[in-house]
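Hi,

Here is the structure I promised to pass on.

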Amino acid sequence: MAPGLRQFTERRGDGAGEPVLDSDNGEDLMYVQPGVSIVIGNRSPESQGTVYISTKKVVWLSDVDRTKGYAVDFLSLSLHAVSRDPEAYSSPCIYTQIETGEDGNESEDSDSESSDALDLSKVTEMRLVPSDPGQLDTLFQILCDCAELNPEPIEDNEEHNWIFSANQLVDETAEGEDSEWNFSQNPSSSIGHSNGDHDLARTVLELQINDNRFEDAEEMEHENDSDGGHH
């Protein structure tokens, strides 16, 4: 599980600096957007800073306080979207939802404007508010491109990731074989994909089986008609 939103203070260079990335493990800087405020939960916006988007995470660093910064890995971002609805938020922004591993939303104490101590482990929402709303679409597209570089990892002990083919769906009445669970190694010919959804699998299998039965019935009817024509 990715760690959610966290403090980030590793900078290099003069002035506001820039984030220190994990270049040894292939992390590269993809995009820099200055003039962006960050809004954590329902708190007031932080002073303006700069957003750095790498191949692994999103980093926001304050322009005025080198000790203030936040980061979130793409694996923790469950949603990001452009928000221009003034009823949702007063300024156009990038709205994100963050997976924390906690049950429920962030507590009122950690989310309220009056709270001095912010528990980042419970924060589930973050907004990036550029001073120039015209940068929203570019910022959003870069987020999409980098998110695609970080697919959800597949657990080694995962037993329910599967792809199956129509060619290997055999009549369930076959004796002595557990024929429902023969799977194809060729994803290009798949007709279904599931992550542990056995009900979906069985539904597709039953549909295929029922289709076969209809075909058998039509063949029998055709044979009976042919036999009747000879008498």
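With a relative accessibility of 6%, Y70 counts as buried; buried here means under 20% relative accessible area, exposed means over 50%, and partly exposed is in between (1.4 Å probe, protein chains only). W60 is buried as well, at 1%. Bear in mind that this is a predicted model, where local features need pLDDT of at least 70, side-chain atom pairs count only at pLDDT 80 or more, and totals for chains, interfaces and linings use all residues. Residues are numbered from 1 along each chain as its sequence is written, and side-chain values use heavy atoms, leaving out hydrogens and water.

The ring centres of W60 and Y70 are 6.0 Å apart and the planes sit at 25°, so the pair is stacked. (Rings of Phe, Tyr and Trp, the last by its six-membered ring, pair if their centres lie within 6.5 Å; planes under 30 degrees apart are stacked, over 60 edge-to-face, the rest tilted.) W60 is in strand β6 (residues 57-62) and Y70 in β7 (residues 69-73), so the pair ties together parts ten residues apart in sequence.

Now the fold. There are three helices and twelve strands, taken as DSSP runs numbered from the N terminus (helices: H or I, at least four residues; strands: E, at least two). Eight strands form an open sheet with antiparallel pairing, in the order β1-β7-β6-β5-β4-β10-β9-β8; strands pair if DSSP finds at least two bridges between them. β1 (6-7) and β8 (77-83) stand at the edges with a single partner strand each, so one side of each has no neighbour in the sheet. Five bridges join β4 (residues 29-40) to β5 (residues 49-54), and V36 has G49 in β5 as its bridge partner.

What about the inside? The largest nonpolar core has 24 residues, and L5, V51, I53, V58 and L128 have the most contacts inside it. (Such a core is a set of buried Ala, Val, Leu, Ile, Met, Phe, Trp, Tyr and Cys residues joined through side-chain atoms within 4.5 Å.) Helix α2 gives the largest share, five residues. Another core, of five residues, lies apart from it and includes F8, V59, L61 and A71.

Leaving aside neighbours within four places in sequence, L128 is in contact (heavy atoms within 4.5 Å) with V36, S37, I38, V51, V58, C93 and I94.

Cheers
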